[in-house]
Amino acid sequence: MAPLLDTFGHYKILEKLGRGGMADVYLALDTTTNREIALKLVERGSTQDAQEIMAAARLGARLQAYLCRIDARIPQIHASGDLNGHFYIDMEYVAGRDLAEILQAGPLEPRTAVRIAMELCSTLGKAHSCSLEIEGKEIRAIVHGDIKPTNIRLDRENRVRVLDFGIAKGLSLTRKLTI
């Protein structure tokens, strides 16, 4: 995947935040808006696997861009596209700690655990009950596909945020039409 860079287009790379199965994510400064963002880079490749990863990343970005308009717990997508041999996603950077980090300190207080679970269920419920059209196909639900403690973050205000829609799927009325 992408090596650690100093710049990528008009983004100044500040630090590497992580690496998933499909992409590297960096904390970057968008020099045109002077805001810190999370910059996800998926390296373009010529193999069938690389093409499938790229298609999944593009779909995930489109689904997240839709969902962030209906639920504030999903980070906003500012821009996405192709640049320098990569598909990139410029999205809201969510400062805070992920649930995996928090749980390393010990179990949550029951009231906190219930609040987090309720907020997560509310967000996933909205995704599962949405309806939109992509590439002429009617989508009746969005499934995140990778819910785990590292993709659930508590921001600085202690609000639940749901990260990484990189392998999200849009479900149609029939399973055959799942995109």
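The legends below describe close-up views of a predicted model.

**Figure 1. Overall fold of the chain.** The secondary structure comprises three helices and 13 strands (DSSP runs: H or I of at least four residues for helices, E of at least two for strands, numbered from the N terminus). Of the 179 residues, 42% are buried (under 20% relative accessible area, 1.4 Å probe, protein chains only). The C-alpha trace spans about 45 × 45 × 30 Å along its principal axes.

**Figure 2. The largest nonpolar core.** This core has 23 residues, of which L63, L67, L132 and I142 touch the most other members. At least two core residues come from each of α1 (48-67), α2 (99-104), α3 (110-128), β8 (132-134), β11 and β12 (160-162). A nonpolar core is a set of buried Ala, Val, Leu, Ile, Met, Phe, Trp, Tyr and Cys residues joined through side-chain atoms within 4.5 Å. Another core, of 13 residues, lies apart from it and includes V42, M54, I77 and I89.

**Figure 3. Surroundings of N151.** N151 lies in the loop between β10 (141-143) and β11 (152-155) and is buried, with a relative accessible area of 6%. The side chain of N151 reaches the backbone oxygen of D146 at 2.8 Å. Beyond neighbours within four places in sequence, N151 is in contact (heavy atoms within 4.5 Å) with H144, D146, R161, V162, L163 and D164.

**Notes.** Residues are numbered from 1 along each chain as its sequence is written, and side-chain values use heavy atoms, leaving out hydrogens and water. Local features need pLDDT of at least 70 and side-chain atom pairs count only at pLDDT 80 or more, while totals for chains, interfaces and linings use all residues.

Note on methods. Buried < 20%, exposed > 50% of the residue type's maximum accessible area, 1.4 Å probe, protein only. Polar contact = N/O pair within 3.5 Å; in protein donor to acceptor, adjacent residues only side chain to side chain.
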